Amino acid sequence: MSHAMFRAYADAVKAEIGTATTTRFIALAETTDGRFGLFHHSMLPGAGGADPHYHSQISESFYVLTGEVRLHDGTGWRTARAGDFLHVPENAVHGFRNESDSLVEMLIIFTPAEHREGYFEGLAGLLADGNRPSREEMVALMEKYDQFEVDAPDTDHDHPHGNDSSHRHGPDGTHHHPAPHHLHHH
C-alpha cells in the first residue's frame, strides 16, 4: 500500500539561479511517481525569467502567489498578479520575467514531471559565481530538458500602444539580445 508523503517548506531542496531567482523543489518526480512536478519560484525585482519557448512533452502552469509577474501567453506579454493562473499545454509558447520593483513568488507545475529539477539545477550551475554561459551552453541545457526558444510577438497586452521591446532579460537578470534565428527550433 502506498503512503502519503510530507515535506516541510524549509526542507525543500532549492536552486539559486544567478543572484535574483530561487526555485524550491516542492514535489519532485520521485514524490509523484513522475505525474507532476511542483516548484516554488521566487524572483527578486528585475529578475529575468525565460524568454518565449515551448516544451514538446510537458504542459506547464503558473499560479502567482505574490507580486506582479510578466507572463507571455504566446501572443504577447501581460501582467499577472496574486491569484492569477496561466496554463500552457504542450507545444504552446510561453515565457515569464519580473519587471517590477517587488518580489514575485509563483508556483510552477509541470505535467508530467520529466525531472524538471534537473533543468533548474543545470541553470543554477551555469550561472554560479557570476558565470556568463555561452549561448551554446544555454541551448544545450534547454534542449536536454525539452525546452525550445522561439521568436514570439513582443506585444504588450496591458499597454497595446506602448510597446517597448528593450526589456529583454536573461535568467540571471541581465539584459541580453535574442539568439540568431538559426538557433531556433520550430
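Predicted model: local features only at pLDDT ≥ 70, side-chain atom pairs only at ≥ 80, totals over all residues.
## Helix α1

Helix α1 covers residues 117-126. Seven of its ten residues are buried, so the helix is largely enclosed by the rest of the structure. The buried residues are Glu117, Gly118, Tyr119, Phe120, Leu123, Ala124 and Leu126. A residue is called buried when its relative accessible area is under 20%.

Several elements take part in covering these residues. Among them are the strands β1 (13-17), β2 (21-27), β3 (37-43) and β10 (104-111). Helix α2 (135-144) is also part of the cover.

## Helix α2

In helix α2, the residues Met138, Val139, Leu141 and Met142 are buried. Seen down the helix axis, the buried residues of α2 fall within an arc of 165°, so they line one face of the helix.

The buried residues of α2 pack against α1 and β11. On the other side of α2, Glu136 and Lys144 are exposed. Asp146 follows the helix, and its phi is positive, near 55°.

## Salt bridges

Side chains of opposite charge can pair when their charged atoms come close. The structure holds nine salt bridges. One of them joins Asp156 and Arg70, with the closest N and O atoms 3.1 Å apart. This pair links distant parts of the chain: Asp156 is in the segment after β11 (148-149), while Arg70 is in strand β6 (residues 68-72), and the two are 86 residues apart. Both Asp156 and Arg70 are buried. They also belong to a network of salt bridges that links Arg70, Arg97, Glu99, Asp156 and Asp158.

Another salt bridge is formed by Asp73 and Arg78, where the closest N and O atoms are 2.9 Å apart. Asp73 has a relative accessibility of 27% and counts as partly exposed. Arg78, at 35%, is also partly exposed. The side chains of Lys14 and Glu16 meet in a salt bridge too, at 3.9 Å from N to O. Lys14 is partly exposed, with a relative accessible area of 43%. Glu16 is likewise partly exposed, and its relative accessible area is 43%.

Tyr63, Leu65 and Phe85 make a nonpolar surface patch of about 280 Å². Leu65 is located in strand β5, which runs over residues 59-66. With a relative accessible area of 33%, Leu65 is partly exposed. A residue needs over 30% relative accessible area to be part of such a patch, so Leu65 passes this cut-off at 33%.

## Thr31 in a loop

Thr31 lies in the loop between β2 and β3. Its relative accessible area is 28%, and Thr31 is therefore partly exposed. The range for partly exposed residues lies between the buried limit, under 20%, and the exposed limit, over 50%.

Thr31 and Phe6 are 25 residues apart in sequence, and their C-alpha atoms are 9.6 Å apart in space. Leaving aside its neighbours within four places in sequence, Thr31 is in contact with Met5 and Arg7.

Technical notes
Residues numbered from 1 in each chain as written. Heavy atoms only, no water. Buried < 20%, exposed > 50% of the residue type's maximum accessible area, 1.4 Å probe, protein only. Helix = DSSP H or I, 4+ residues; strand = E, 2+ residues; numbered from the N terminus. Contact = heavy atoms within 4.5 Å. Patch = residues over 30% accessible without salt bridge, like charges linked within 9 Å, V, L, I, M, F, W, Y side chains within 5 Å. Areas by Shrake-Rupley, 256 points an atom, 1.4 Å probe, with all protein chains shown as cover. Salt bridge = Lys/Arg side-chain N within 4 Å of Asp/Glu carboxyl O. Arc of directions from axis to C-beta.
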